[in-house]
Amino acid sequence: MSAEPAPAVSLSAKAKPEIPDSSGSVMESLSATSPNASAERSPLLPGLTHAPRLAMTTEGARSLLHAWENTDHGGTPRKAAAAADFYLPFLPEIDRNSTPYVALWEKGGVPDGILIGRLGNRRPLVRIGKWQFPMPRLRTLNITEGGLEARSSETAERQAEYLRRLLADGDLDCISVFRIPGDTEIGGILASGLRSPGDGNPETIGRWFTELNDRNGRPIVSYSSKALRNFRRKDRKLVSAFDGAVDVIELRGPGQINGFISTAAKICAASYQQCIGVGIQDNGWWNRMLGIHAENGNLRCYLLEAGGEPIAYLAGPVVGGTFTMMATSFLPKFRTLAPGCYLLRRVIERLQLEGVRWIDYGVGDYRYKKLHGTWRRDVATLNLYAPSPIGKAAQFLDTIVKRLNRALYRTLEHRGWLERIRHQRRQLGQRRKSS
């Protein structure tokens with residue numbers, strides 16, 4: 001089992017708040033708004049029909065996000081990264097100079113669509129293979145993962161028109177949308193091209209889920225009898241190898257975070273994941289991220305101890321009935337016993353008993369996800385550029401780089417080199433750890 005890759009750098013209230021009248025541009029409002037202010041601002045695009053309620057302050061954004069989160073979403077998987085009680089406290093860790101940007105569409109007085117992002121000036125990096133190159137500095141609206149949703153096709157069309165107007169207004173150079181599902185109403189519009197076919201140069205990747213319980217809370221049996229027998233055989237093999245001295249320890253509280261991170265980081269450091277920059281690290285980023293989820297009461301951290309030694313870990317939050325797996329890894333010396341999959345199956349059992357609806361394994365078609373996942377959906381990251389000179393220059397660079405990367409990937413895959421490179425990278429990582 002491999003850990004989730006870290007997201008690559010990519011251009012990539014229940015009470016209804018009062019919204020005072022305002023005028024001016026998006027970036028003017030950005031410069032004039034204090035991140036700690038609580039005032040709401042009205043939409044800043046004159047003539048726009050069915051304008052959303054807009055917040056560019058922490059308190060205003062929290063109010064709109066809570067209104068959205070209290071809406072019935074039909075049991076669909078929720079994104080922990082877009083939850084108000086995580087996104088807003090963690091925003092300074094992403095970019096201290098950015099400002100929250102949350103827009104809420106309503107239909108019949110009920111929340112019907114959301115946009116969750118941040119405004120900022122940034123100079124993103126583009127990659128060709130392992131080489132990185134800076135892009136021009138861009139005035140960007142970054143829409144987070146799970147941050148663009150609509151409950152109806154009508155609202156999805158309004159969201160699309162809103163994005164078009166933002167780009168045409170001249171105050172933004174780029175709108176970056178991170179991992180939007182292509183099977184949603186707004187995702188389908190963006191995948192087809194917001195303004196023209198291919199607009200945004202979307203990069204698509206698979207995301208895996210397991211449905212644990214149905215909407216009525218009844219457990220779902222996802223595996224065949226043959227698969228279950230195979231799982232039990234593998235589980236007995238691991239337990240037998242340690243003479244039954246196997247235990248899964250669950251940690252949730254803020255006071256348990258430091259100890260868990262220290263242990264998980266040591267497991268990660270012994271595996272090849274460390275060499276490719278994924279998995280839990282003992283640093284401020286992971287401490288803050290897990291700490292926020294723990295303070296919210298959402299964190300679930302698991303350690304697999306065998307023979308008195310921690311040999312695998314798995315961590316993530318439960319938000320809105322969805323457990324999002326943030327990171328997992330195991331000690332490679334026990335690879336033949338598949339401790340990562342053993343731990344995952346115990347976590348699945350516990351979460352199912354807890355009444356959790358979904359497990360979100362994250363992106364990538366890893367073997368363990370195919371083995372345990374029951375639903376795969378495509379998600380896309382895309383970058384929409386304004387028709388300004390700097391926007392056109394950035395779009396040209398982005399298009400060229402993505403075409404080169406896709407051609408390189410196809411060539412490596414066609415010649416069978418891609419899997420060989422992955423295998424050699426794992427071996428290199430293990431040699432470095434043993435030397």
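Modeller: Start with Glu59 and Arg62, which both lie in helix 2 (residues 58–69). They are three residues apart, about one turn of the helix. An α-helix has 3.6 residues a turn, so residues three or four places apart point the same way. The side chains of Glu59 and Arg62 meet in a salt bridge, at 2.7 Å from N to O. Glu59 is partly exposed, because its relative accessible area is 39%. Arg62 also counts as partly exposed, at 22% relative accessibility. Keep in mind that this is a predicted model.

Next comes a salt bridge between Asp112 and Arg151, with the closest N and O atoms 3.5 Å apart. Asp112 is in strand 3 (residues 110–122), while Arg151 is in the loop between strand 6 (138–150) and helix 4 (153–168), so the pair ties together parts that are 39 residues apart in sequence. Asp112 has 5% relative accessibility, so it counts as buried. Arg151 has a relative accessible area of 41%, so it is partly exposed.

Glu250 and Arg252 form another salt bridge, and their closest N and O atoms are 2.7 Å apart. Glu250 is partly exposed, with a relative accessible area of 26%. Arg252 counts as partly exposed at 38%.

Some charges go beyond pairs. Lys79, Glu145, Arg179, Arg207 and Asp360 are linked in a network of salt bridges. Across the structure there are 28 salt bridges.

Now the wider setting. The protein chain has 435 residues, and buried residues make up 50% of them. Its secondary structure comes to twelve helices and 15 strands. The accessible surface is about 20,100 Å², and carbon and sulfur atoms account for 51% of it.

The whole structure holds eleven aromatic pairs. One of them joins Phe209 and Trp358: the ring centres are 6.3 Å apart and the planes stand at 80°, so the pair is edge-to-face. This pair links distant parts of the chain, with Phe209 in strand 8 (residues 203–211) and Trp358 in strand 14 (residues 358–363), 149 residues apart. Phe209 counts as buried, at 0% relative accessibility. Trp358 counts as buried as well, at 8%. Tyr223 and Phe231 make another edge-to-face pair, because their planes are at 85°, and their centres are 5.2 Å apart. Tyr223 is partly exposed, with 21% relative accessible area, whereas Phe231 is buried, with 5%. Elsewhere, ring pairs link Phe86, Phe90 and Trp285 into a cluster.

Charge and ring meet at Tyr342. The charged end of Arg346 sits over the ring of Tyr342, 4.6 Å from its centre. Tyr342 and Arg346 are both among the buried residues of helix 9, which also include Cys341, Leu343, Leu344 and Val347. Helix 9 (residues 339–354) has 16 residues; at 1.5 Å a residue they should span 22 Å, and the end C-alpha atoms are 23 Å apart, which agrees. Just after helix 9, Gly355 takes a positive phi of about 90°.

Two residues other than glycine have a positive phi as well. Most residues other than glycine have a negative phi. Asn201 has a positive phi, near 45°. Asn201 is in the loop between helix 5 (185–192) and strand 8. At 15% relative accessibility, Asn201 counts as buried. Asp243 is not a glycine either, yet its phi is positive, about 55°. Asp243 lies in the loop between helix 6 (225–241) and strand 9 (246–251). Asp243 counts as exposed, at 73% relative accessibility.

Ala306 is buried, with a relative accessible area of 1%. The C-alpha atoms of Ala306 and Val248 are separated by 8.8 Å, and the two residues are 58 apart along the chain.

Finish on the surface. Phe396, Leu397, Ile400 and Leu404 form a nonpolar patch there, with about 360 Å² of accessible area together. Ile400 is placed in helix 11 (residues 389–414). Its relative accessibility is 35%, so Ile400 counts as partly exposed.

Notes
Residues are numbered from 1 along each chain as its sequence is written. This is a predicted model: local features need pLDDT of at least 70, side-chain atom pairs count only at pLDDT 80 or more; totals for chains, interfaces and linings use all residues. Side-chain values use heavy atoms; hydrogens and water are left out. Patches are made of residues with over 30% relative accessible area and no salt bridge: like charges are joined within 9 Å, nonpolar side chains (Val, Leu, Ile, Met, Phe, Trp, Tyr) within 5 Å. Accessible areas come from the Shrake-Rupley method with a 1.4 Å probe; for residues, only the protein chains shown count as cover. A salt bridge is a side-chain nitrogen of Lys or Arg within 4 Å of a carboxyl oxygen of Asp or Glu. Helices (H or I, at least four residues) and strands (E, at least two) are DSSP runs, numbered from the N terminus. Buried means under 20% relative accessible area, exposed over 50%, partly exposed in between (1.4 Å probe, protein chains only). Rings of Phe, Tyr and Trp (its six-membered ring) pair if their centres lie within 6.5 Å; planes under 30 degrees apart count as stacked, over 60 as edge-to-face and the rest as tilted. A charge sits over a ring if NZ of Lys or CZ of Arg is within 6 Å of the ring centre and within 35 degrees of the ring normal. The expected span of a helix is 1.5 Å times one less than its number of residues.
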